[in-house]
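Please open the model in a viewer and keep the sequence panel at hand. The stops below follow one another by selection.

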Amino acid sequence: MKWEENVRRVVPYTAGEQPRRAGVIKLNTNENPYPPAPGVQRAIAGLDAEQMRLYPAFPEKTELAAELAAYYGIGTDQIFIGVGSDDVLCQAFVTFFNSGRPVLFPDITYSFYDVWADLYRIPYRRQPLDEAFRIRREDYMEEKSGVACGGIVFPNPNAPTGVLMPVDEIEEIVAANRDVVVIVDEAYIDFGGTSCLGLIDRYDNLLVVQTFSKSRSMAGMRIGYAMGSPKLIGYLNDVKYSVNSYTMSYAALQLGAASVRDADYFRKSCGRIVRTRERAKEELGRLDFMFPDSYANFIFAAHRSVPAKEIFERLKENDIYVRYWDKERISNYLRITIGTDEQMEALYAALAKICG
Ligand SMILES: Cc1ncc(COP(=O)(O)O)c(C=O)c1O
């Protein structure tokens with residue numbers, strides 16, 4: 001068929017499986033095992049169906065933007081809100097990666113970056129992590145790497161490795177790249193990492209992206225946001241308002257605001273995950289796994305003798321889902337999301353049988 005020759009073809013991102021059966025232990029998509037803040041449930045009860053007759057408010061004019069601005073001590077003109085951080089990141093790719101020069105990101109990283117780049121015909125180059133899965137900052141500095149880039153994006157902590165880059169190293173990258181936009185994807189920063197948000201007032205080329213999907217237990221509500229200079233945020237809004245003015249539903253805006261209001265619950269819930277993760281490091285070590293030190297709500301682990309694919313399949317037979325990629329450099333690793341203590345105990349028992 002002739003029309004097919006002109007189709008914009010792309011190999012889509014493959015999301016983790018979403019089994020809905022009761023009894024499944026789902027440690028494969030980095031969701032939070034705890035419920036959102038209690039205020040979110042109350043806000044659901046307070047939703048007004050009459051409001052749904054109207055188009056929703058512009059996100060930057062809502063209580064959600066005001067709550068986020070107050071929480072982070074920045075202006076509402078420094079925040080862009082979207083439908084999960086995937087939407088925010090995709091808009092940022094389209095807005096800022098437009099020079100024709102390659103955008104740089106790590107070889108092992110969030111596997112949506114190359115999909116968006118392919119979709120929008122943005123050239124890119126994958127810079128290899130070192131043997132310990134660390135980002136080598138020299139690879140992102142033209143005077144050391146010899147690569148004149150059109151932008152930079154990486155998660156911190158990186159996914160799926162969980163490895164954290166210190167803020168001073170991020171600052172070196174941003175400072176060495178003042179002519180392009182640097183996007184730091186902080187989807188997992190609330191589990192013990194230090195955000196580089198403090199740099200946005202000094203560097204108008206830095207965009208920090210976060211999400212409600214992990215630390216705020218609201219993956220199903222689809223809320224993400226970017227923070228940066230008013231200029232960057234203005235350009236993002238221009239592109240967004242050229243695609244869809246009303247991206248955020250009335251419900252998402254209300255429930256997101258309720259979540260940010262409960263800072264105490266947020267801190268406690270993140271603390272619980274961090275404690276379980278630290279214990280998981282001990283247990284996995286005892287079970288003969290090795291892994292880079294994780295600052296996220298997952299651990300990226302390889303067993304010293306049993307192949308990851310085999311463990312992945314055997315866990316699945318036991319209704320325990322973790323994530324596995326049959327890809328270069330990482331095909332012997334499993335990414336295990338931190339669940340409740342009870343779920344993790346079931347995982348350790350299953351692993352002891354499979355690997356013992
Ligand atoms: C590194 C990273 N960035 C962004 C996202 C997207 O999250 P969401 O669209 O749910 O905010 C994910 C989700 O897994 C992720 O791992």
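Begin by selecting Ile79, which stands opposite Met227 in β8. The two residues belong to an antiparallel pairing of β2 with strand β8 (residues 224-227) over 4 bridges; two strands count as paired if DSSP finds at least two bridges between them. Helices (H or I, at least four residues) and strands (E, at least two) are DSSP runs, numbered from the N terminus.

Two conventions apply throughout. Residue numbers start from 1 along each chain as its sequence is written. The model is predicted, with local features requiring pLDDT of at least 70 and side-chain atom pairs counting only at pLDDT 80 or more, while totals for chains, interfaces and linings use all residues.

Next, select helix α3 (residues 84-96), which packs on the sheet and touches β2, β5 (151-155), β6 (182-185), β7 (206-211) and β8. Contact here requires that the C-beta atoms of two residues, placed from the backbone, lie within 7 Å. The direction of α3 makes about 40° with that of β8; axes are lines fitted to C-alpha atoms, for helices over the stretch in contact, and angles run from 0 to 180 degrees between N-to-C directions.

Now display the whole sheet. It is open, has 7 strands in the order β2-β8-β7-β6-β5-β3-β4, and its pairing is mixed. β2 (79-82) and β4 are at the edges with a single partner strand each, so one side of each lacks a neighbour in the sheet.

Strand β3 (residues 103-106) and strand β4 (residues 124-127) pair in the parallel sense over 4 bridges. Include helix α4 (residues 113-119) in the selection: β3, α4 and β4 make a right-handed β-α-β unit. Right-handed means that, with the strands pointing away from the viewer, the path from the first strand over the helix to the second runs clockwise.

Finally, colour the chain by domain: domain 1 (16-36 + 264-355) and domain 2 (53-261), with bounds from an automatic or database domain assignment. Their centres, taken over C-alpha atoms, are separated by 26 Å. Across the boundary, 22 residues of domain 1 are in contact with 22 residues of domain 2. On the domain 1 side, α9 (263-286) and β10 (298-303) each supply at least two residues, and α9 gives the largest share, 5 residues.
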